[in-house]
Amino acid sequence: MIPHNSISVVTGLPCPESGIWESMGNFRTTVTLFKGEKMPDYCGRKIKWRLIQVC
């Protein structure tokens, strides 16, 4: 199931939904996070993440 692309959150905030998250911006990577985990940084920088797949 692919969610609506409007779910996004920035580094440091709690993950609002378990799933696969993709970084937004020039560099792309994905992480799998569980609800409540702290959203990670990317290469030491705060970034915005968007949910691409619910687990």
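Predicted model: local features only at pLDDT ≥ 70, side-chain atom pairs only at ≥ 80, totals over all residues.
Trainee: What does the pLDDT average for the protein?

Mentor: The average is 91. Of the residues, 91% score at least 70.

Trainee: In which strand is confidence lowest, and in which is it highest?

Mentor: Strand β4, residues 48–54, is lowest, with a mean of 96. Strand β3, residues 30–33, is highest, at 98.

Trainee: Now Glu22. Where does Glu22 lie?

Mentor: In strand β2, which covers residues 19–23.

Trainee: Is Glu22 buried or exposed?

Mentor: Buried. Its relative accessible area is 16%, and buried means under 20%, so Glu22 qualifies.

Trainee: Which side chains make polar contacts with the Glu22 side chain?

Mentor: Arg28 makes one, at 3.5 Å. Arg50 makes one at 2.6 Å.

Trainee: And which residues does Glu22 touch, leaving out those up to four places away in sequence?

Mentor: Arg28 and Arg50 turn up again. Thr29, Thr30, Lys48, Trp49 and Ile52 are on the list too.

Trainee: New topic. What volume does the largest pocket have?

Mentor: About 160 Å³.

Trainee: Which residues line the largest pocket?

Mentor: Ser23, Met24, Gly25, Asn26 and Phe27 are in the lining. Tyr42, Cys43, Arg45 and Ile47 line the pocket as well.

Trainee: How does that lining split by class?

Mentor: Five residues are nonpolar, three are polar and one is charged.

Definitions and conventions: Residues numbered from 1 in each chain as written. Heavy atoms only, no water. Helix = DSSP H or I, 4+ residues; strand = E, 2+ residues; numbered from the N terminus. Buried < 20%, exposed > 50% of the residue type's maximum accessible area, 1.4 Å probe, protein only. Polar contact = N/O pair within 3.5 Å; in protein donor to acceptor, adjacent residues only side chain to side chain. Contact = heavy atoms within 4.5 Å. 1 Å grid on protein atoms, 1.4 Å probe; cavity = no way out; pocket = protein on both sides within 12 Å on 5 of 7 lines; lining within 4 Å. Points joined across faces, edges and corners; volume = space filled by probe spheres on them. Nonpolar A, V, L, I, M, F, W, Y, C, P; charged D, E, K, R; others polar. pLDDT = per-residue confidence, 0-100.
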